[in-house]
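Hi,

Here is the structure I promised to pass on. Have a look at it first, then read my notes below.

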Amino acid sequence: MTDDKMTPKERFHAALKQEPVDRIPITGITQTGTVDLMDACGAAWPEANQKAEGMVTLAWAAHEIAGIESVRVPFDVYIEGEAAGGELYKWKKTNQPMMKKYAIQSKEDVDKYEPPDPKRDGRMPEVLKAIEMLVEKCKKEDLPIISPVFAPFSLISLSLVDMMNLMMWLKTDIDLYHKLAKKAVETGVIYAEALLDAGVDTIFYNGGADGTVKLDDWLNISQPYSSEGATKIRELGAYVVYHSCADVKHLIADMADIKGIHCISVSQEVDMKETRELVGEKVALAGNVDPTYTLVKGTPEKVREEVKYDIESGTDVCCPGCGYGPNTPLENMKALVAAGHEFGKMARLAKL
Ligand SMILES: [Zn+2]
């Protein structure tokens with residue numbers, strides 16, 4: 001039926017190492033939960049974001065129903081912030097929860113902050129349980145298992161500290177920021193180690209907040225800590241994909257210099273061709289079909305055209321530029337997978 005020469009995991013890992021592949025991997029490196037998949041598989045948010053069984057059913061649906069060649073849990077970004085003592089709200093079927101109360105409210109809280117214990121805190125134990133269950137399900141087809149961990153600056157600014165406080169500390173007490181950033185590195189490494197022990201092979205190292213800062217600041221407050229964290233996570237045996245989000249045109253060339261990363265998950269707001277020219281062959285690139293204008297609002301034909309453009313422009317992994325929107329029609333998800341198969345042998349690394 002197929003002329004595949006590699007398993008999905010072999011293909012994805014080879015692409016991350018920029019080694020030859022039989023065709024482009026069609027991997028769900030960003031979140032894959034959609035309402036259409038929830039309706040089709042019977043596991044819906046918010047429960048499928050809270051309990052292991054639902055996480056497994058919904059993650060598996062992206063593979064079984066949509067054809068994505070991987071599984072990924074969980075479906076929101078607040079695992080670490082919640083486990084650290086933050087409070088989430090707006091738990092719904094149609095959106096991910098949001099942060100209501102951040103764990104760190106004052107300078108004293110920075111001193112008191114300790115990385116959460118993955119075996120005990122928040123939903124971390126449920127995520128680990130889901131991964132252990134997915135390991136069994138993924139054996140037969142040899143699918144990669146992916147889970148997100150926040151890079152330090154993004155953990156602090158999106159999940160641990162209120163933006164107003166953070167802005168003030170960055171202006172008036174930079175030492176306090178650096179103290180917290182060291183703890184944020186440790187938080188990510190401890191959590192990543194537990195994810196890897198449970199059976200994850202690829203860490204999606206989420207630099208989602210990078211687009212909010214200028215290059216000079218980014219080189220001071222984000223990049224060094226991401227380098228330290230990614231290096232340690234890679235030393236634990238993980239493949240590391242660094243996620244860029246929103247408008248990072250001013251940073252993308254320097255992101256390739258983050259130590260320890262295999263790949264950049266390229267935001268849809270940055271052109272793939274331009275990114276490949278800027279980055280050269282320093283790292284693999286993944287993406288970057290527009291999750292909103294193309295996948296939620298566009299037609300299957302538009303999805304197909306964009307996948308073709310990205311592959312011709314030098315992407316190494318066929319996937320969206322950010323998480324699938326919950327309202328992505330199933331036919332568009334399937335169109336992305338179909339286009340990955342159709343044009344996959346045109347990929348930069350497809351030589352087998
Ligand atoms: Zn994103």
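Which residues does methionine 55 touch, not counting residues up to four places away in sequence? Methionine 55 touches Ala48, Asn49, Gln50, Val73, Pro74, Phe75, Glu126, Val127 and Ala130, where contact means heavy atoms within 4.5 Å.

Before you go on, two things about the numbers. This is a predicted model, in which local features need pLDDT of at least 70 and side-chain atom pairs count only at pLDDT 80 or more, while totals for chains, interfaces and linings use all residues. Residues are numbered from 1 along each chain as its sequence is written, and side-chain values use heavy atoms, with hydrogens and water left out.

Back to methionine 55: you'll find this residue in helix α4 (residues 52–64). Helices (H or I, at least four residues) and strands (E, at least two) are DSSP runs, numbered from the N terminus. With 0% relative accessibility, methionine 55 counts as buried. Buried means under 20% relative accessible area, exposed over 50%, and partly exposed in between (1.4 Å probe, protein chains only).

Arginine 72 is 17 residues from methionine 55 along the chain, and their C-alpha atoms are separated by 9.0 Å. The charged end of arginine 72 sits over the ring of phenylalanine 204, 4.6 Å from its centre; for that, NZ of Lys or CZ of Arg must be within 6 Å of the ring centre and within 35 degrees of the ring normal.

Now the aromatics. There are four aromatic pairs in the structure. Rings of Phe, Tyr and Trp (its six-membered ring) pair if their centres lie within 6.5 Å; planes under 30 degrees apart count as stacked, over 60 as edge-to-face and the rest as tilted. One of the pairs is tryptophan 45 with phenylalanine 75: their ring centres are 6.1 Å apart and their planes at 45°, so this pair is tilted. Both tryptophan 45 and phenylalanine 75 are buried.

Phenylalanine 153 and tyrosine 177 make an edge-to-face pair, 6.5 Å centre to centre with 65° between the planes. Phenylalanine 153 is in helix α8 (residues 152–160) and tyrosine 177 in helix α10 (residues 174–198), so the pair ties together parts 24 residues apart in sequence. Together with Tyr225, Phe153 and Tyr177 form one aromatic cluster.

Last, the zinc ion: His243 (NE2), Cys245 (SG) and Cys322 (SG) coordinate the zinc ion at 2.0 to 2.1 Å. Donors are N, O and S atoms within 2.8 Å of the metal (3.2 Å for Na, K and Ca); water is not among the atoms, so sites may look incomplete. Histidine 243 is buried at 2% relative accessibility, whereas cysteine 322 is partly exposed at 22%.

Cheers
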